[in-house]
Amino acid sequence: MPTYETLRRFAADLERLTPEQQHRFRQIVATFVDDLRNGRCFRASLRIRRVRCAPGVFELTWSMGIGPAGRATWEYGPERRVGTPHVIWRRIGTHDILTSP
């Protein structure tokens, strides 16, 4: 199972999402974790891309239903367990988070 941590900004961003938006994020993270756990390439449906203005930072995009797409930014951190990816969640919200990912 991959390990993870969240930055304070991520936690604050997450609290601002509606319960439904938080639920959709948890669903998409289950798919993300499954891909990490199995060591395969991420599914295209996760829409993972590098953030151009922030080296080493990636974005994950998903539908939040009505309104703009949801986005979360993350990066790989040092492994906490040998051979296990460690993810640092940075921001979550809409496209606006990309101004300071």
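1. Let's start with who touches whom along the chain. Among contacts in the protein chain with a separation of 6 or more, 47% are between residues 24 or more positions apart. Contact here means heavy atoms within 4.5 Å.

2. A quick word on what you're looking at. This is a predicted model, where local features need pLDDT of at least 70 and side-chain atom pairs count only at pLDDT 80 or more, while totals for chains, interfaces and linings use all residues. Residues are numbered from 1 along each chain as its sequence is written, and side-chain values use heavy atoms, with hydrogens and water left out.

3. Now the layout. The protein chain has 2 helices and 5 strands, and from the N terminus on they run β-α-α-β-β-β-β. (Helices are DSSP runs of H or I with at least four residues, strands are runs of E with at least two, and both are numbered from the N terminus.)

4. How big is the whole thing? The C-alpha atoms of the protein chain fill a box of roughly 40 × 25 × 25 Å along the principal axes. Of its 101 residues, 41% count as buried; buried means under 20% relative accessible area, using a 1.4 Å probe and protein chains only.

5. Next, the inside. The largest nonpolar core has 17 residues, and Phe25, Phe32, Leu60 and Trp89 touch the most other members. At least two residues of this core come from each of α2 (19-38), β3 (57-62), β4 (70-77) and β5 (86-93), with α2 giving the most, 6 residues. (A nonpolar core is a set of buried Ala, Val, Leu, Ile, Met, Phe, Trp, Tyr and Cys residues joined through side-chain atoms within 4.5 Å.)

6. Have a look at phenylalanine 32 while you're there. Leaving out residues up to four places away in sequence, phenylalanine 32 touches Phe42, Leu46, Ile48, Leu60, Trp74, Val87 and Trp89. There is also a second, separate core of 5 residues, including Val51, Ala54, Ile97 and Leu98.

7. Finally, zoom in on aspartate 13, which sits in helix α1 (residues 8-16). Is aspartate 13 buried or exposed? Aspartate 13 counts as buried because its relative accessibility is 5%. Not counting residues up to four places away in sequence, aspartate 13 touches Arg91 and Ile92. With arginine 91, the link is a polar contact between the two side chains, at 2.6 Å. (A polar contact is a pair of N or O atoms within 3.5 Å; within protein, one must be able to donate a hydrogen and the other to accept it, and residues adjacent in sequence count only if both atoms are side-chain atoms.)

Key:
Buried < 20%, exposed > 50% of the residue type's maximum accessible area, 1.4 Å probe, protein only.
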